[in-house]
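Colleague: I have a few minutes before the group meeting. Can you put the model up and take me through the contacts?

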Amino acid sequence: MTLALVTEGGRRMDVVTLRLGGELMAIPAECLREILEPVPVTRVPQAGNFIGGLINVRGVVVPLADLRVTFGMTLTEATPDTRMLVLELPIAGDEIVVAILADKVHDVTGLDTSTLEPIPPVGTRWPPDFVRGIGKWQGGFMILPDLERIFTQGAQKGSLSAVAEEGV
């Protein structure tokens with residue numbers, strides 16, 4: 001699977017919209033396996049904040065990442081709207097199952113990829129290497145994080161493999 005911006009059918013991509021740290025984000029719907037209400041997290045010593053724990057998803061050990069760390073957002077406590085999104089992403093040539101936190105999941109919507117724009121060089125606080133583009137949605141903007149790059153960088157640092165080896 002490749003998380004390309006333009007789908008085979010043309011200029012429309014289905015995305016899951018979610019709220020994270022006050023920002024609206026969108027991830028390709030094709031990589032979403034399921035959405036969970038918060039489940040117990042097994043913390044992994046010395047794993048860091050980005051992937052600091054593991055969850056058990058139907059008997060499978062899944063690293064849980066917090067994109068707030070990547071985007072320099074304040075870490076917050078879970079609320080009744082908090083969800084865990086289980087994703088299947090292409091990382092280092094393999095399909096890897098990971099989970100991310102979301103403050104709230106909105107819906108699945110179609111995104112016209114022709115409206116995507118690159119991150120502006122000034123006036124934004126998001127690391128440009130981790131943003132695939134900015135899209136328009138319901139009169140506002142949404143960030144499309146570059147999940148492959150975010151998790152590939154984590155894998156290169158050894159955090160994905162080290163955390164997964166700990167087990168739940």
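**Salt bridges, strands and a ring pair**

Modeller: Glutamate 88 and arginine 33 form a salt bridge, with their closest N and O atoms 3.9 Å apart. Keep in mind that this is a predicted model.

Colleague: Where do glutamate 88 and arginine 33 lie?

Modeller: Glutamate 88 is in strand E7 and arginine 33 is in strand E3 (residues 32-36), so the pair ties together parts that are 55 residues apart in sequence.

Colleague: Is glutamate 88 buried, exposed or partly exposed, and why?

Modeller: Glutamate 88 counts as partly exposed because its relative accessibility is 25%, and the buried class stops at under 20%.

Colleague: How many salt bridges does the count come to?

Modeller: Five salt bridges. Another one joins the side chains of aspartate 66 and arginine 68, at 3.1 Å from N to O. Aspartate 66 and arginine 68 are both buried.

Colleague: What else does arginine 68 form a salt bridge with?

Modeller: Aspartate 103, where the closest N and O atoms are 2.5 Å apart. Arginine 68 belongs to helix H1 (residues 67-70) and aspartate 103 to the loop between E8 and strand E9 (104-112), so that pair ties together parts 35 residues apart in sequence.

Colleague: Why does aspartate 103 count as buried?

Modeller: Because its relative accessibility is 18%, and buried means under 20%. Arginine 68 has 3% relative accessibility, so arginine 68 counts as buried too. Through shared partners, the salt bridges join Asp66, Arg68 and Asp103 into one network.

Colleague: Switching to strands. How many bridges join E7 to E8, and do they run parallel or antiparallel?

Modeller: Strand E7 (residues 83-91) and E8 run antiparallel, joined by nine bridges.

Colleague: Which sense does E8 take with E6, parallel or antiparallel?

Modeller: Parallel: strand E6 (residues 60-65) pairs with strand E8 (residues 94-102) over two bridges. In that pairing, leucine 64 stands opposite alanine 99 in E8.

Colleague: OK, aromatics. How many pairs?

Modeller: The count comes to one aromatic pair. The rings belong to phenylalanine 50 and phenylalanine 151, with centres 5.5 Å apart and planes at 45 degrees, so the pair is tilted.

Colleague: Where do those two phenylalanines lie?

Modeller: Phenylalanine 50 is in the loop between strand E4 (42-43) and strand E5 (53-57), while phenylalanine 151 is in helix H2 (residues 147-156), so the pair ties together parts that are 101 residues apart in sequence.

Colleague: Now the overall picture. How many helices and strands?

Modeller: Three helices and eleven strands. Along the sequence, the pattern reads β-β-β-β-β-β-α-β-β-β-β-β-α-α.

Colleague: What share of the residues is buried?

Modeller: Of the 168 residues, 45% count as buried. The accessible surface comes to about 8800 Å², and 49% of that belongs to carbon and sulfur atoms.

Colleague: And what about contacts between residues at least 6 apart in sequence?

Modeller: Among those contacts, 59% join residues at least 24 apart.

Technical notes
Residues numbered from 1 in each chain as written. Predicted model: local features only at pLDDT ≥ 70, side-chain atom pairs only at ≥ 80, totals over all residues. Heavy atoms only, no water. Phe/Tyr/Trp six-rings, centres within 6.5 Å; stacked < 30°, edge-to-face > 60°. Helix = DSSP H or I, 4+ residues; strand = E, 2+ residues; numbered from the N terminus. Pairing = 2+ DSSP bridges. Salt bridge = Lys/Arg side-chain N within 4 Å of Asp/Glu carboxyl O. Buried < 20%, exposed > 50% of the residue type's maximum accessible area, 1.4 Å probe, protein only. Contact = heavy atoms within 4.5 Å. Areas by Shrake-Rupley, 256 points an atom, 1.4 Å probe, with all protein chains shown as cover.
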